[in-house]
Amino acid sequence: MDQFTINLLFVGASFALYIGIAIWARAGSTSEFYAAGRGVHPVTNGMATAADWMSAASFISMAGLIAFTGYDNSTFLMGWTGGYVLLALLLAPYLRKFGKYTVSEFIGDRFYSQTARIVAVICLIVASVTYVIGQMTGVGVAFGRFLEVSNTSGLLIGACVVFAYAVFGGMKGVTYTQVAQYCVLITAYTIPAIFISLQLTGTPIPALGLFGDTASGEPLLTKLDAIVTELGFADYTAHHSNTLNMVLFTLSLMIGTAGLPHVIMRFFTVPKVSDARWSAGWTLVFIALLYLTAPAVGAMARLNITDMMWPNGGIDGGAVSVEEIDTDPRYDWMQTWQKTGLLDWEDKNGDGKIQYYNDQNADMQALAEEKGWVGNELTKFNRDILVLANPEIANLPGWVIGLVAAGGLAAALSTAAGLLLAISSAVSHDLVKGAINPQISEKGELLAARIAMAVAIVVATYLGLNPPGFAAQTVALAFGLAAASIFPALMMGIFSTRINNTGAVCGMLAGLIVTLVYIFLHKGWLFIPGTNSFTDADPLLGPIKSTSFGAIGAMINFGVAYVVAGMTKETPQEIVELVESVRIPRGAGAAQNK
């Protein structure tokens with residue numbers, strides 16, 4: 001059986017499962033559409049939240065960015081996992097106790113303002129649409145490879161699949177679909193990693209294999225450092241980027257995590273406040289299985305790729321020949337990925353070989369001139385393909401490749417569905433019913449939600465054709481927007497009775513606008529290529545890249561909110577009592593001074 005057929009079987013079987021679950025668990029009421037009837041078990045919710053959380057950025061893109069940068073991109077791991085701890089401890093239980101369906105509804109009620117609710121909807125939509133762009137980018141990469149079509153065609157096919165099960169299932173359908181998707185994606189991620197770890201280090205646990213020895217007795221990371229530095233790249237295990245930007249980026253991912261509406265919404269689906277805490281704990285367990293494996297996947301893949309490009313023992317042994325790439329079955333993966341437009345090479349000097357090295361390094365430029373090279377001949381290697389291509393690079397069995405195909409699509413589609421649900425809920429429940437037409441029927445509200453979701457899919461698909469970066473980089477922008485706009489409002493809403501409606505609205509608008517402008521200055525207005533004034537290689541504010549600015553936007557949000565609140569009316573007493581009732585356990589007595 002050829003690889004294409006195997007891929008179709010795995011992907012087709014997984015899609016049939018997802019759509020079948022969506023039909024079985026379809027939403028018949030607004031309570032089921034928005035919060036799954038508040039009847040989801042904490043373990044089930046933890047697994048669904050993990051699938052919602054581990055998007056195309058985590059499954060498809062993160063290991064690729066780590067592989068080609070090394071230690072400096074470990075910020076993705078630190079920011080995203082640390083942020084989830086913040087969410088679990090500081091926000092999830094209190095928001096569940098408040099008892100509303102959406103983040104915007106909480107902000108509108110807490111700040112006793114329809115304006116605050118509408119501003120929260122706008123912030124939510126901006127962050128979520130940016131996030132969906134990253135997911136659709138991953139969908140296009142995965143579908144393009146495994147259906148052997150162009151990246152654009154893969155993106156359009158993926159959009160149709162998302163529409164099929166997200167629009168009709170609502171939160172109830174999405175929840176149980178995501179449980180199945182988690183099982184698929186975590187199996188698909190860990191099995192190839194185990195195989196590759198065994199190949200390179202003889203250790204079946206990838207996280208341990210990362211620090212183990214290769215067959216030659218040399219530590220894997222030491223060997224990788226030696227190989228990449230020989231080719232003119234930076235040490236894999238060393239810190240090279242600006243420390244201030246690294247700290248801001250990690251902080252932006254952390255507080256952005258705690259402000260992402262599609263994850264917060266999951267804690268509205270459990271029966272009790274205590275279940276929200278248990279859900280958060282189980283989610284951390286399920287997330288850890290992938291996040292502990294990702295650094296090993298990145299490092300081992302980078303070593304395998306480098307060995308394939310220099311199969312004869314490094315520079316002195318000579319690069320891979322064009323003839324080998326064309327005829328050796330071990331290099332079939334390059335031919336296949338070339339069809340997607342995400343991988344390419346060129347024999348620039350006509351010597352029949354493909355030299356892969358850092359042609360921006362001064363020492364390598366001197367060596368290249370001596371050897372007659374005229375530049376790096378692996379001209380394109382999209383970071384988002386690495387995890388999906390990893391089993392092929394390691395020459396693993398066809399069924400493993402098919403499994404990874406299904407897993408990559410599960411990761412991208414599960415998060416896309418959660419985000420689209422957050423967008424549709426904000427539009428239908430908070431905007432249409434909350435502000436425009438409070439008398440709308442339940443049927444009308446569901447229709448508005450599904451129309452909003454369909455429109456969001458179309459917009460995200462269009463922008464996904466020309467994304468502002470790799471999947472994980474685009475997602476990082478969304479985290480920055482959530483960090484700058486939603487997270488401060490939630491924190492102040494729960495822990496500060498002084499912040500009033502005017503302060504909250506001014507803070508959210510200030511954080512969102514400043515961060516969005518900074519991102520557009522670097523990524524192009526409305527992410528249109530060529531309209532940017534700066535780049536992340538040469539940022540506007542010293543070393544601070546657009547992906548790191550969310551932390552500064554959050555500081556601006558907090559500052560503006562407190563200043564404006566101090567200049568305007570105090571929070572009404574009934575709102576103060578509401579905030580205190582959310583934070584203080586029921587039945588707690590007054591503090592005793594003994």
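Let's start with Gln355, which is buried (under 20% relative accessible area, with exposed being over 50%, partly exposed in between, for a 1.4 Å probe and protein chains only), at a relative accessible area of 3%. This is a predicted model, in which local features need pLDDT of at least 70, side-chain atom pairs count only at pLDDT 80 or more, and totals for chains, interfaces and linings use all residues. Residues are numbered from 1 along each chain as its sequence is written, and side-chain values use heavy atoms, leaving out hydrogens and water.

Gln355 sits in the loop between β1 (343-344) and α17 (362-371); helices (H or I, at least four residues) and strands (E, at least two) are DSSP runs numbered from the N terminus. Its side chain makes a polar contact with the side chain of Asp351 at 2.8 Å. A polar contact is a pair of N or O atoms within 3.5 Å; within protein, one must be able to donate a hydrogen and the other to accept it, and residues adjacent in sequence count only if both atoms are side-chain atoms. Not counting residues up to four places away in sequence, Gln355 also touches Trp310 and Trp373, among others, where contact means heavy atoms within 4.5 Å.

Now for confidence: pLDDT is the predictor's confidence in each residue, from 0 to 100. The protein has a mean of 83, and 91% of its residues reach 70 or more.

| Helix | Residues | Mean pLDDT |
|---|---|---|
| α2 (lowest) | 30-35 | 48 |
| α23 (highest) | 550-567 | 96 |

Over residues 29-37 the pLDDT is below 50, yet this stretch has 40 contacts in the model beyond near neighbours in sequence.
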